[in-house]
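Please walk me through this structure.

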Amino acid sequence: MHIWVDADACPIVIKEILYRAAKRTGLGMTLVANQPIAIPRAPNIRFVQVGGGFDMADNEIVRCMKAGDLVVTQDIPLAALVLEQGGLALNPRGEHYTTDSIKARLSMRNFMETLRETGVQTGGPAKLNQADRQLFANALDKILKTAS
């Protein structure tokens, strides 16, 4: 298993949890973003910068990932593509996307996007809190234990 991180929108505290997990397990981890980010010095952690166009980081992850890899992303369409390719998808709040749950998440995302296009103010997700961080860490540990 390789860990891929959609790093443009991934919160720093979640990246720190991922860095510790990669160091602890020795698994390879690649962060993909369209702007430079600092990563720790570790032989199994790397950063790939892509162009600034729409979905460039997503496209790079989908192009490079393999079945069984884990992708950490908030992007529901990217998670759907990951699942189609046999990968695992986890969001920074600890939600492990499945083939069953992703359809409902895509429908809700599309519905909310339609509302926003008509001018309805839908607000965004709540700020990431300590409980979210713990849910993420627990879900990540469970996935990593299952993979080993």
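This is a predicted model: local features need pLDDT of at least 70, side-chain atom pairs count only at pLDDT 80 or more; totals for chains, interfaces and linings use all residues.

Residues are numbered from 1 along each chain as its sequence is written, and side-chain values use heavy atoms, with hydrogens and water left out.

Begin with strand S2, residues 29–33. Helices (H or I, at least four residues) and strands (E, at least two) are DSSP runs, numbered from the N terminus. Five of the five residues of S2 are buried, so the strand is largely enclosed by the rest of the structure. Buried means under 20% relative accessible area, with exposed over 50% and partly exposed in between (1.4 Å probe, protein chains only). Both faces are covered: Met 29, Leu 31 and Ala 33 lie on one side, Thr 30 and Val 32 on the other.

S2 has partners. Strands pair if DSSP finds at least two bridges between them. Strand S1 (residues 3–6) pairs with S2 in the parallel sense over four bridges. Here Trp 4 stands opposite Thr 30. From S1 the chain passes through helix H1 (residues 12–25) to S2, a right-handed β-α-β crossover. Right-handed means that, with the strands pointing away from the viewer, the path from the first strand over the helix to the second runs clockwise. Strand S3 (residues 45–49) also runs parallel to S2, joined by five bridges. In that pairing, Ala 33 stands opposite Gln 49.

Now look at H1. Its buried residues are Ile 14, Lys 15, Ile 17, Leu 18, Tyr 19, Ala 21 and Ala 22. What covers them includes S1, S2, S3, strand S4 (70–72) and helix H5 (130–147); contact means heavy atoms within 4.5 Å. Just after H1, Gly 26 takes a positive phi of about 80°.

What lies inside? A nonpolar core is a set of buried Ala, Val, Leu, Ile, Met, Phe, Trp, Tyr and Cys residues joined through side-chain atoms within 4.5 Å. The largest has 26 residues, and those with the most contacts inside it are Ile 3, Val 5, Leu 18, Met 29, Phe 136 and Leu 140. S1, H1, S2, S4 and H5 each give two or more residues to this core. A second, separate core of 19 residues includes Met 65, Ile 76, Ala 79 and Ala 80. In soluble globular proteins, nonpolar side chains tend to be buried together.
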